[in-house]
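Keep the viewer open as you read.

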Amino acid sequence: IKYDRDLSINNVLSALGNVAYDEYFKLLNAILDGDSATLVQIIDQLYDNGVNLKHFVNMFLEFCFDVTKYLLTQNIQITKIPEHYLEQINSVINFTDAIKYYNYITDKLLALKQSIRNDDNEKVTIEVMFNQISRFV
């Protein structure tokens, strides 16, 4: 893991093995756009940066479920997502039948979390499943 002397939220998150919300939004947009190339690039970059991919899947599931909770309630306070991301949240939920897609995404992520629990090569499994999610298969 590469550490940086610049104390920013992204560097702190990286040092702790976590990912910034901006990365979650990039990944979510790639899923919604069906952009498999970007998905693979993001996952590869996370892997190269030493991110624990099993932990990442868990955190991304939590993030997507927070987006789902906001979609259902329009109340940012019941999520862990900071309020200053409200514009980005609204941009990823502003389409027809969004709740169906988010239920699908969270169901698939939960299944992925369970399937990689004992996986020795979770990177490939995660890439395949994210590709599948982006095709809504």
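## A buried lysine and its partners

Lys123 counts as buried, at 16% relative accessibility; buried means under 20% relative accessible area, exposed over 50% and partly exposed in between, using a 1.4 Å probe and protein chains only. Helices here are DSSP runs (H or I, at least four residues), numbered from the N terminus. Glu127 joins in as well: Asp44, Lys123 and Glu127 are linked in a network of salt bridges.

## How the model was read

This is a predicted model, in which local features need pLDDT of at least 70 and side-chain atom pairs count only at pLDDT 80 or more, while totals for chains, interfaces and linings use all residues. Residues are numbered from 1 along each chain as its sequence is written, and side-chain values use heavy atoms, with hydrogens and water left out.

## Pairs within one helix

The structure holds 5 salt bridges. Among them is Lys26 with Glu23, whose closest N and O atoms are 3.0 Å apart. These two are 3 residues apart in helix 2, so about one helical turn separates them. Lys26 is partly exposed, with a relative accessible area of 46%.

Asp66 and Lys69 also meet through their side chains in a salt bridge (3.2 Å, N to O). They too sit 3 residues apart, in helix 4, about one helical turn from each other. Asp66 is buried, at a relative accessible area of 4%, whereas Lys69 is partly exposed at 24%.

## The nonpolar core

Which residues have the most contacts inside the largest nonpolar core? They are Leu28, Phe56, Phe60, Phe63, Leu109 and Phe130, in a core of 38 residues. Such a core is a set of buried Ala, Val, Leu, Ile, Met, Phe, Trp, Tyr and Cys residues joined through side-chain atoms within 4.5 Å. At least two residues of this core come from each of helix 2 (21-33), helix 3 (36-48), helix 4 (53-73), helix 5 (86-93), helix 6 (98-115) and helix 7 (122-134). Helix 4 gives the most, with 10 residues.

Leaving aside neighbours within four places in sequence, Phe56 is in contact (heavy atoms within 4.5 Å) with Val19, Tyr24, Leu27, Leu46, Val51 and Phe130.

Conventions
Salt bridge = Lys/Arg side-chain N within 4 Å of Asp/Glu carboxyl O.
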